Amino acid sequence: MPEPVPQLAIYYDVLFRVHGPQHWWPGRTRFEVIVGAILTQNTSWSNVERAIAALRREKLLTATAIEKVSTARLAALIRSSGYFRQKARKLKGFVRFLQREHQGSLNKLFATPTGKLREQLLAVHGIGPETADSILLYGGRHKVFVVDAYTRRILERHALVHPKASYEEIRALFEQSLPAEPSLYNEYHALIVQTGKHFCHTRQPDCEHCALRSFLPAPVEVVL
DNA sequence: TGCCAGGCCGGGT
DNA sequence: ACCCGGCATGGC
């Protein structure tokens, strides 16, 4: 278990003051949240939105509908989200899992204890750590902090983790450093992604562009 | 024009 | 236990 890092709680307040509440996850239903979590893997949200709109238009935003549709048609409809053949199979894999392990019921799925459900999700083809945790937190309000590429990069630039820290290491760091509130985890991850959306992508530590940003790359102590 | 985006898998060390 | 190539579209 890592030691708590008090800067992480401070950094949350900074981001909240800068960006305000984010009202995440952008999904109308729990199932839609799960679909979005899979489709947005390494993909910009704007590309995912079109795909979800197409699924909605075709009445395919339910588990039973996804079960019935052919993988080929599903792939065609989610084309805009990229990796569309892979993701079509992933959606199919998830609804098959939901039916097999939870009788197709999201209530039963999310009533499963967090640790056990996380293991189950990770065993589904196409669901890795970030997708599993997004489903847990944003779909079911389970108490897990979602780590993504932005989280890692921000922590590295603030020198709060070593460059090759594992996903689990970073997740534990947040969960040890913050009050155990799903609503806080929710808002924090959303704020990090919002921050990342207007990230400077130059890797040089002395990039003048980055120097103009209040939250990067300076250590959190001197922010504000 | 090339690089990037809210990853994950399978095969190789 | 890591490391890497593949997967694919749309925006800037």
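User: What do axes and angles between helices rest on?

Analyst: Axes are lines fitted to C-alpha atoms, for helices over the stretch in contact, and angles run from 0 to 180 degrees between N-to-C directions. This is a predicted model, in which local features need pLDDT of at least 70 and side-chain atom pairs count only at pLDDT 80 or more, while totals for chains, interfaces and linings use all residues. Residues are numbered from 1 along each chain as its sequence is written, and chains are lettered from A and ligands numbered from 1 in the order in which they are written. Helices here are DSSP runs (H or I, at least four residues) numbered from the N terminus; the axes of helix 2 (residues 30–39) and helix 9 (residues 129–140) come within 9 Å and cross at roughly 155 degrees.

User: How are helix 2 and helix 9 oriented to each other?

Analyst: Angles under 35 degrees count as roughly parallel, over 145 as roughly antiparallel, 65 to 115 as roughly perpendicular and the rest as oblique; helix 2 and helix 9 are therefore roughly antiparallel.

User: Which residues make the contact?

Analyst: Two residues are in contact if their C-beta atoms, placed from the backbone, lie within 7 Å. Helix 2 contributes Arg 30, Val 33, Ile 34, Ala 37 and Ile 38, and helix 9 contributes Thr 131, Ser 134, Ile 135, Tyr 138 and Gly 139.

User: Which residues come nearest to DNA strand C?

Analyst: A residue is near a strand if its C-beta atom, placed from the backbone, lies within 6 Å of it. Of the 14 residues around DNA strand C, Ser 80, Gly 82, Tyr 83, Arg 85 and Gln 86 come nearest. Helix 3 (45–57) and helix 6 (84–102) each give two or more residues to this surface, and helix 6 gives the most, with three.
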